Amino acid sequence: MSTQKVVAEALGGSAGSCPYKIDKVLVESTWRPNIYIVDRYTSARGRIFLTGDAAHQSIPTGGDSMNTAVGDSFAIGGKLAAVTHGFGGRTLLDSYEYGPRPVAVRNIKRSGVHFSVHRQYIEWIPNKVKHYDAKSINSSANTPVRTKNTASK
Ligand SMILES: Cc1cc2nc3c(=O)[nH]c(=O)nc-3n(C[C@H](O)[C@H](O)[C@H](O)COP(=O)(O)OP(=O)(O)OC[C@H]3O[C@@H](n4cnc5c(N)ncnc54)[C@H](O)[C@@H]3O)c2cc1C
């Protein structure tokens with residue numbers, strides 16, 4: 001199915017045909033569900049702190065990704081502010097490794113569970129969402145959390 005047709009169907013929703021005229025689709029790309037998290041949020045020498053999508057990726061189902069990113073940033077932001085103002089030391093910065101990452105692991109796993117439920121629902125009503133190719137994402141949704149370590153500096 002063409003991108004133009006997919007967009008038209010999505011905009012038409014359950015009401016039927018699309019009420020808008022689509023002149024041109026400017027950008028299109030293939031989206032795939034992806035879940036991963038870095039092994040460590042802090043680089044080996046403790047000089048780089050990862051937050052948000054730089055540290056982890058989850059599936060949008062459940063709507064937790066942005067919240068997880070904000071949680072990471074809030075955690076390291078408070079610690080950096082404390083150290084900068086003389087209220088904390090190296091140990092406080094080191095503790096960043098143990099706070100938000102387990103929360104992110106839980107949220108990422110939940111996004112996979114949400115996605116599995118969503119996919120099952122779609123399989124129940126295949127005629128209503130014809131453009132959604134459930135089979136092509138079947139295996140990815142149950143993929144366990146993979147780790148990717150980018151914090152090596
Ligand atoms: C289709 C879709 C739907 C989503 N739905 C939800 C949802 O419902 N709920 C939810 O909570 N989350 C959702 N998310 C996820 C959410 O958008 C992200 O988790 C969140 O934006 C991550 O924030 P971030 O600050 O880590 O990264 P980003 O928002 O990606 O910010 C990174 C910024 O860095 C900039 N940048 C990149 N490289 C450089 C560079 N070299 N120099 C300077 N700047 C640079 C980028 O331009 C960007 O502005 C969705 C994501 C997608 C793709």
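The model is predicted. The largest nonpolar core holds eleven residues. Helix α2 spans residues 65-84.

**Ligand shell**
- The residues around the ligand include Gly52, Asp53, Ala54 and Pro60.

**Nonpolar core**
- The largest nonpolar core is made up of Ile35, Ile37, Tyr41, Phe49, Leu50, Ala55, Ile59, Tyr96, Ala104, Ile108 and Phe115.
- Helix α4 (residues 100-124) gives the most to this core, with three residues.

**Helix α2**
- The 20 residues of α2 should span 28 Å at 1.5 Å a residue, and the end C-alpha atoms are 28 Å apart, so expectation and model agree.
- Ser65, Thr68 and Asp72 are the buried residues named in α2.
- Seen down the helix axis, the buried residues of α2 fall within an arc of 80°, so they line one face.
- An α-helix has 3.6 residues a turn, so residues three or four places apart point the same way.
- Met66, Asn67, Phe74, Ala81 and Thr84 are exposed on the other side of α2.
- Gly86 follows α2 and has a positive phi, near 85°.

**Lys24**
- Lys24 sits in the loop between α1 (3-12) and β1 (36-37).
- Gln4 is 20 residues from Lys24 in sequence, yet their C-alpha atoms are 7.8 Å apart in space.

Key
Residues are numbered from 1 along each chain as its sequence is written. This is a predicted model: local features need pLDDT of at least 70, side-chain atom pairs count only at pLDDT 80 or more; totals for chains, interfaces and linings use all residues. A residue is near a molecule or strand if its C-beta atom, placed from the backbone, lies within 6 Å of it. Helices (H or I, at least four residues) and strands (E, at least two) are DSSP runs, numbered from the N terminus. A nonpolar core is a set of buried Ala, Val, Leu, Ile, Met, Phe, Trp, Tyr and Cys residues joined through C-beta atoms within 7 Å. A residue is buried if 20 or more other C-beta atoms lie within 10 Å of its own, exposed if 12 or fewer, and partly exposed in between; C-beta atoms are placed from the backbone. The expected span of a helix is 1.5 Å times one less than its number of residues. The arc is that of the directions from the helix axis to the C-beta atoms.
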